[in-house]
Amino acid sequence: MKRLFLCLIAILTMIWGTEAVANSLSLKTYKRLQKIEEWIANDQLSEAETTLKEMLADLPQRKEDQAYILYTAGMFSLQQSDYPTAQKHLLASYQLKTLPEKTSHYVLQTLAGLSMQEERYSEAVDYYQSYIQQVETPETSIYLGLGTAYYYQKAYTETVEALDKALDPKKPNESVYLMRYSAFYELQQSDQIFATLKILIQHWPEKQNYWSQLASFYYEADQPDQAILTLKEMVQRWPEKQTFWVQLSSLYNEQEDYRSSLKVLRQALAHKALKERDRLEPRILRILRTLAGLSMHDERYQEAIDYYQDYIKRAKTPPFEIYFELGSAYYTIDDHSKAAATLEKAIDPAAPNESAFLMLFSSYYESNQSESAINTLKRMVQHWPEKPNYWHQLASVYYEANQVERAIATLETMVEKWPDNPNYWLQLASFQSERQDYVSALNTLQTAIAHEAIVEKSLLEESRLQVLQTLAGINMQAEDYAEAINYYQMILTYHSEPDLDLYFNLGTAYYYQQSYSQAVTYLEKANDPAEPNESLYLLLLASHIELKQWEPVVTTLETMVQRWPQEPEYWLQLSGLYSEQADFLTALEVLENAVSQKGLSQHEELVQNLLDVLLTLADLSLKEERYAAAIGYYQSYLKRNQKPDAQVYLGLGMAYYYQQDYPKATQTLNQVIESSEPEEATYMMLFSAYYEVKDWDRAIATLDTIIRYWPDNPDYWLQMIALYNEKADYPKALEMMQAAWTRNYLNQEEDVLQYIYTLQEEQLPYKAALVLEQGFEQSFVPKTSENYELLSQLYQDAKETGRAIEALKPAATTSTNGNNDLLLAQLYFDLENAHEQVILHAKRATEKGGEHTGNAYLLLAIAYSELGQNAEAKPYFEQAARYPEVQEMSLQWLESLQF
């Protein structure tokens with residue numbers, strides 16, 4: 001870095017020329033800078049630094065000297081890696097506008113680079129643009145830097161404009177094109193994305209990822225044809241890449257162009273670049289089967305049939321599954337005759353295919369070949385006699401074929417085979433009931449109760465009760481709840497010790513009859529604490545809700561969450577009840593218990609409700625000024641929510657602020673600012689927190705941001721002025737006052753006067769006088785005697801005697817003493833040849849009296865003397881001689897005039 005620094009100084013000398021440097025700088029500055037260069041060359045950096053600091057502290061008047069000193073200091077700081085100081089000095093050097101052109105350009109480049117390094121991209125853009133405006137033909141690297149700065153600013157349109165100028169057709173830069181591609185991607189400019197990717201491919205065709213990205217973007221842009229063309233090019237370039245063939249085939253699939261997809265797969269298999277050609281025939285068979293499956297998927301069933309037939313021709317012994325799939329194709333195109341013939345071949349006698357039988361039955365059934373369908377079912381019953389569903393299907397087909405007696409006979413066989421299964425008796429009764437032969441149906445059920453297969457008397461009783469329950473169930477299904485209740489009540493008369501299910505069913509019937517009190521009575525009787533019934537509790541809960549019995553509702557829900565803690569809905573209902581009663585603490589406790597249950601910790605709705613309650617409690621605590629509690633709730637919220645809304649951090653920041661924990665308040669409020677759009681209240685609270693801990697720098701920085709976002713609030717400008725005054729940074733305070741004055745934000749007397757006094761303290765009396773006069777004109781400052789005296793004093797300080805006199809006249813007119821008239825007389829005396837005005841105002845001063853009446857008499861006497869009226873002057877000299885402060889001078893005049 002040292003060598004670079006020496007090189008830069010050498011370059012500067014070459015640009016200016018040794019003689020030019022010597023001629024443009026003062027001898028003293030030139031020699032001191034030469035000495036600094038010697039020290040740097042000899043690694044005597046401390047001596048160089050000390051001298052530079054001395055020169056900076058006492059900059060010469062000449063701007064050329066200032067510029068070169070600041071430039072050297074900036075480069076030295078750069079060498080020391082003190083980038084903020086380097087930027088400060090280099091910027092000051094550049095702003096003096098006395099550096100040679102090339103050096104000035106280099107400074108701009110350096111400033112831009114420093115800004116980029118510090119991630120101040122807006123500054124970097126300004127420096128690059130200034131460089132471009134000043135240089136006739138900027139280097140492409142400048143435009144690359146400008147484009148990069150715009151990119152990090154997310155100004156993607158400007159990024160592209162700059163990068164376009166950084167393009168060098170002779171020496172294509174991959175990085176430039178990649179950044180352009182990224183910018184176009186952010187701008188969602190599909191055409192430009194494609195164009196840039198094509199250029200990348202043109203210059204770097206060997207990079208597969210650019211081809212893949214181009215194909216992907218064509219796909220995302222709903223340009224499948226272009227994506228297909230790109231993939232075709234890819235498989236031609238890299239035929240050995242199986243992935244590209246697969247992608248091309250898949251894309252055809254997604255476009256529902258299955259024929260082309262199949263063609264691609266065939267081409268891939270036949271391509272010379274692909275290896276592993278062993279066992280070709282099995283692969284062909286697999287492809288044929290795959291093609292057939294794809295054709296089925298594409299609903300080209302005839303093609304599928306052709307493929308399956310081709311498979312059967314090629315295969316020595318086609319598996320039964322192929323015939324089954326071919327039969328399925330025939331079945332799909334409703335060629336049920338061929339489907340049946342093919343499916344017959346799909347049946348393996350040694351291991352009959354149950355699915356094939358089912359489709360064979362369906363083929364006969366769909367082609368209205370009832371007898372063949374029945375015969376197939378009979379075969380199925382023979383193969384699987386233990387499966388009652390086939391018996392039942394056989395009975396159904398008999399029934400549909402109007403062979404009702406055969407259907408009933410089949411069911412009678414079933415109840416003979418499975419007499420202890422009441423469902424089959426019920427099925428038999430169902431057919432009888434469908435014929436509206438309810439007597440036979442009831443007899444069937446009674447027969448079932450009395451059947452010998454049911455040996456136990458208790459089973460007989462249970463069967464009879466089951467019949468009654470079935471009848472009650474039929475009425476429940478028919479929504480004849482009154483009749484169902486009658487049947488259930490009958491069961492109670494037959495049952496000495498009714499089971500809990502009976503009470504449950506009876507309670508259910510009363511519930512649907514809207515007899516909620518009765519429902520509650522029987523549902524409570526049905527409740528078994530040892531084996532709780534979830535459905536029962538749901539009905540009990542619903543009944544209490546209908547009766548508006550809120551305490552039982554809560555009690556029931558509390559029991560439900562204890563019994564079935566894995567059910568999130570119950571926790572949600574319970575917490576919701578507490579929330580509706582504004583008992584958020586209990587609601588929170590419920591939800592915390594819920595998410596602690598196994599499997600519920602990540603339940604979305606539970607977690608969200610928990611977060612909502614935490615946020616509600618936090619907000620309420622904040623409103624009630626319970627800041628510690630609010631902080632606790634907010635922190636608990638943040639532990640559970642990894643992506644909270646910015647308002648949560650804002651609430652937490654407010655709680656910290658009002659608890660006077662300003663460090664945590666600032667940390668939290670900064671998180672709000674970083675994660676959301678700027679809000680005035682957030683920034684103001686952050687500013688207040690910094691102000692409370694007297695962190696003036698951060699307070700100023702925050703207020704500066706506030707002013708940039710909301711510049712129309714005069715209070716912010718006044719606060720900034722006060723902060724700079726608090727920090728004793730009067731130049732900055734004055735700078736803010738000037739800006740505020742320009743915006744008409746200084747419109748109160750005390751603010752305007754503060755501005756005036758600050759200008760006066762900074763040796764700017766004339767400007768202060770102009771501000772005061774403008775304050776008079778706009779009625780910001782009252783036209784009092786004191787303010788006119790201030791105006792006169794400012795003009796006096798500015799050596800504007802005439803204006804000072806005019807300003808003082810109103811004050812003198814309204815003054816009750818002669819001090820202002822005496823000051824007017826003195827000012828006229830200073831003008832010379834205004835002796836009459838001196839006499840006029842000196843007399844007024846003597847008439848009104850004041851602190852320096854002797855001076856007034858002396859001025860009167862001298863003025864008359866200057867007019868050659870010594871006789872008139874004498875008595876005034878004598879009067880003046882009575883005052884000690886002018887006695888000696890008065891006597892000298894009397895003596896000199898020989899009175």
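The following legends describe close-up views of a predicted model.

Local features are taken where pLDDT is at least 70 and side-chain atom pairs where it is 80 or more, while totals for chains, interfaces and linings use all residues. Residues are numbered from 1 along each chain as its sequence is written, and side-chain values use heavy atoms, with hydrogens and water left out.

**View 1. The whole chain in outline.**
The chain has 51 helices and 0 strands. Helices (H or I, at least four residues) and strands (E, at least two) are DSSP runs, numbered from the N terminus. Of the 899 residues, 44% count as buried. Buried means under 20% relative accessible area, exposed means over 50%, and partly exposed lies in between, with a 1.4 Å probe and protein chains only. Among contacts (heavy atoms within 4.5 Å) between residues at least 6 apart in sequence, 45% join residues at least 24 apart.

Helix α6 covers residues 83-95, and its 13 residues should span 18 Å at 1.5 Å a residue. The end C-alpha atoms of α6 are 18 Å apart, which agrees. The expected span of a helix is 1.5 Å times one less than its number of residues. Buried in α6 are Ala86, Gln87, His89, Leu90, Ser93 and Tyr94. These buried residues pack against four helices: α4 (45-57), α5 (63-79), α7 (101-117) and α8 (121-134). Just after α6, Lys97 takes a positive phi of about 60°.

**View 2. The packing of α6 on α7.**
The axes of α6 and α7 are 10 Å apart, and the two helices pack at an angle of about 150°. That angle makes α6 roughly antiparallel to α7. Axes are lines fitted to C-alpha atoms, for helices over the stretch in contact, and angles run from 0 to 180 degrees between N-to-C directions. Angles under 35 degrees count as roughly parallel, over 145 as roughly antiparallel, 65 to 115 as roughly perpendicular and the rest as oblique. The crossing of α6 and α7 is left-handed. A crossing is left-handed if the near helix is turned anticlockwise from the far one by less than a right angle, and right-handed if clockwise. On the α6 side, the contact is made by Tyr83, Ala86, Gln87, Leu90, Leu91 and Tyr94. On the α7 side, the contact is made by Ser104, Val107, Leu108, Thr110, Leu111, Leu114, Ser115 and Gln117. The residues of this contact of α6 with α7 divide into 9 nonpolar, 5 polar and no charged. Ala, Val, Leu, Ile, Met, Phe, Trp, Tyr, Cys and Pro count as nonpolar, Asp, Glu, Lys and Arg as charged, and the others, Gly among them, as polar.

**View 3. Two loop residues with positive phi.**
Glu119 lies in the loop between α7 and α8. Its phi is near 65°, a positive value in a residue other than glycine. Glu119 is exposed, with a relative accessible area of 56%. Gln763 lies in the loop between α43 (749-761) and α44 (765-777). Gln763 is not a glycine, yet has a positive phi of about 65°. With a relative accessible area of 65%, Gln763 is exposed.

**View 4. Helix α11 and its buried residues.**
Helix α11 (residues 174-187) has 14 residues and reaches 20 Å from its first C-alpha to its last, close to the 20 Å expected at 1.5 Å a residue. In α11, the buried residues include Val176, Tyr177, Met179 and Phe184, and also Glu174 and Arg180. The buried residues of α11 pack against α9 (140-152), α10 (156-166), α12 (190-203) and α13 (208-220).

**View 5. Helices α29 and α30 side by side.**
The axes of α29 (residues 500-512) and α30 (residues 516-526) come within 8 Å and cross at roughly 165°. The two helices are therefore roughly antiparallel to each other. α29 passes α30 in a left-handed crossing. Among the residues that make the contact are Tyr503, Phe504 and Tyr511 of α29 and Tyr516, Tyr522 and Lys525 of α30. The residues of the contact of α29 with α30 divide into 11 nonpolar, 3 polar and 1 charged.

**View 6. Ser440 in helix α26.**
Ser440 is placed in helix α26 (residues 438-450). At 22% relative accessibility, Ser440 counts as partly exposed. Ser440 and Ser430 are 10 residues apart in sequence and 10.0 Å apart in space, C-alpha to C-alpha.
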